[in-house]
Amino acid sequence: MLGAVTELINRTLDFYSWSLTISDKRVEKWPLMHSPLPTLTISTLYLLIVWLGPKWMKHKEPFQLRFPLIIYNFGMVILNFFIFKELFLGAKAAGYSYICQSVDYSDDVNEVRVASALWWYYVSKGVEYFDTVFFILRKKFNQISFLHVYHHCTMFTLWWIGIKWVAGGQSFFGAHMNALIHVVMYLYYGLAACGPHLQKYLWWKRYLTILQLVQFHVTIGHTALSLYIDCPFPKWMHWALIVYAVTFIVLFANFYYQTYKEPKGPSKSGKVSMNGKAVMNGAVTNGTAHKLENKVGLENGRKKKKGKAKKE
């Protein structure tokens, strides 16, 4: 048994050593790219925070973090727009095809520009770990679902592979589309962080999930077309991307159904419907908390007046 494990480890190390011989030499000395260990370490720390963070915050008051959230979310809008712009302009200047594009490992200025934008895209997925940190500090534990953790952890970790071996070509398509969607998404979160006075303008939250689902379907269609026309891009990456996109479709579709389609009512989880808004763990979403408090206060006041009138 021990010998079999040792042999497996040796074969894995040999395979990794061989794979490095075909990696993208342009990115080898870029930050975080020499070895997978920094990325794996950051992702492992993230999972530890997900596990230990709620325990640490259990008996603490939640942080408000309104100003940091505004800075963070609008900062992510700027970062994702920069990535989208660089990918769009770099791909256009390099004459990229949206149907099939192989990787050009040359030092052409436009190819390096695309590779650099993809590296920033990978970095942005690491920065997005702060989404979870803010949820923990604000004690929004119900937001830290399996979908949330799976999405964040796998995107940052797997994109290291993408940058290491295919920082260009077909890789630009998904990152290009996803960066634009994240511009819209973080714009929504930034506006929501500004306060309840903007809530009436934020009716389009559900369409963010729809937009993400459309993105995953487009990704599968685009990748399947690449396979069909035998596009000169690593086939194993094409198949892996299809499987990965399918997992997101299943998870996001389930999230959409539970959030927007499932009948709201009393349940074992304590989630009930109030004026069409979801209430979870005593927190009212969509900025209705203050309305609920006012309503409860008025009702209590009326009950007290009625009690006094009866005594008199």
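Author: Helices (H or I, at least four residues) and strands (E, at least two) are DSSP runs, numbered from the N terminus. This is a predicted model, in which local features need pLDDT of at least 70, side-chain atom pairs count only at pLDDT 80 or more, and totals for chains, interfaces and linings use all residues. Residues are numbered from 1 along each chain as its sequence is written, and side-chain values use heavy atoms, with hydrogens and water left out.

Reader: How many helices and strands are in the protein chain?

Author: The protein chain has 10 helices and three strands. Their order along the sequence is α-α-α-α-α-α-α-α-α-β-β-β-α.

Reader: What percentage of the residues of the protein chain count as buried?

Author: Buried means under 20% relative accessible area, exposed means over 50%, and partly exposed is in between (1.4 Å probe, protein chains only). By that rule, 38% of the 312 residues of the protein chain are buried.

Reader: Which residues of helix H5 are buried?

Author: In H5, residues 129-137, the buried ones are Tyr 129, Asp 131, Thr 132, Phe 134, Phe 135 and Ile 136.

Reader: Against which helices do the buried residues of H5 pack?

Author: Packing is judged by contact, meaning heavy atoms within 4.5 Å. The buried residues of H5 pack against helix H2 (37-57), H3, H4, helix H6 (146-165) and helix H7 (171-193). Contacts can also be sorted by separation in sequence: among those in the protein chain between residues at least 6 apart, 78% join residues at least 24 apart.

Reader: Is His 238 buried or exposed?

Author: His 238 lies in helix H9. Its relative accessible area is 3%, so His 238 is buried. Leaving out residues up to four places away in sequence, His 238 touches Gln 170, Thr 223, Ser 226, Leu 227, Cys 231 and Phe 233.

Reader: Now two helices together. At what angle do H3 and H4 pack?

Author: Two packed helices are described by the angle between their axes and the distance between the axes. Axes are lines fitted to C-alpha atoms, for helices over the stretch in contact, and angles run from 0 to 180 degrees between N-to-C directions. Helix H3 (residues 66-93) packs on helix H4 (residues 109-127) at about 155 degrees, and their axes are 8 Å apart. Angles under 35 degrees count as roughly parallel, over 145 as roughly antiparallel, 65 to 115 as roughly perpendicular and the rest as oblique. H3 and H4 are therefore roughly antiparallel.

Reader: Is the crossing of H3 and H4 left-handed or right-handed?

Author: A crossing is left-handed if the near helix is turned anticlockwise from the far one by less than a right angle, and right-handed if clockwise. H3 and H4 cross in the left-handed sense. Residues of H3 in the contact include Tyr 72, Met 76, Phe 82 and Glu 86, and those of H4 include Arg 113, Val 114, Trp 120 and Tyr 121. The contact of H3 with H4 has 15 nonpolar, three polar and two charged residues. For these classes, Ala, Val, Leu, Ile, Met, Phe, Trp, Tyr, Cys and Pro count as nonpolar, Asp, Glu, Lys and Arg as charged, and the others, Gly among them, as polar.

Reader: How close do the axes of H6 and H9 come?

Author: The axes of H6 and helix H9 (residues 235-261) come within 12 Å and cross at roughly 165 degrees. H6 is therefore roughly antiparallel to H9. The crossing of H6 past H9 is left-handed. The residues involved include Tyr 150, His 151 and Trp 165 of H6, and Trp 236, Phe 248 and Phe 255 of H9. By class, the contact of H6 with H9 has 14 nonpolar, three polar and no charged residues.

Reader: How many salt bridges are there?

Author: A salt bridge is a side-chain nitrogen of Lys or Arg within 4 Å of a carboxyl oxygen of Asp or Glu. The count is six. One of them pairs Arg 11 with Glu 7, with the closest N and O atoms 2.9 Å apart. Both residues lie in helix H1 (residues 2-20), four residues apart, which is about one turn of the helix. Arg 11 has 57% relative accessibility and so counts as exposed; Glu 7, at 39%, counts as partly exposed.

Reader: Which distant parts of the chain does the pair Glu 86 and Arg 113 link?

Author: Glu 86 and Arg 113 form a salt bridge, 2.9 Å from N to O. The pair links helix H3, which holds Glu 86, to helix H4, which holds Arg 113, across 27 residues. Glu 86 is buried, at 12% relative accessible area, and Arg 113 is partly exposed, at 28%. Salt bridges with shared partners join Lys 85, Glu 86 and Arg 113 into one network.
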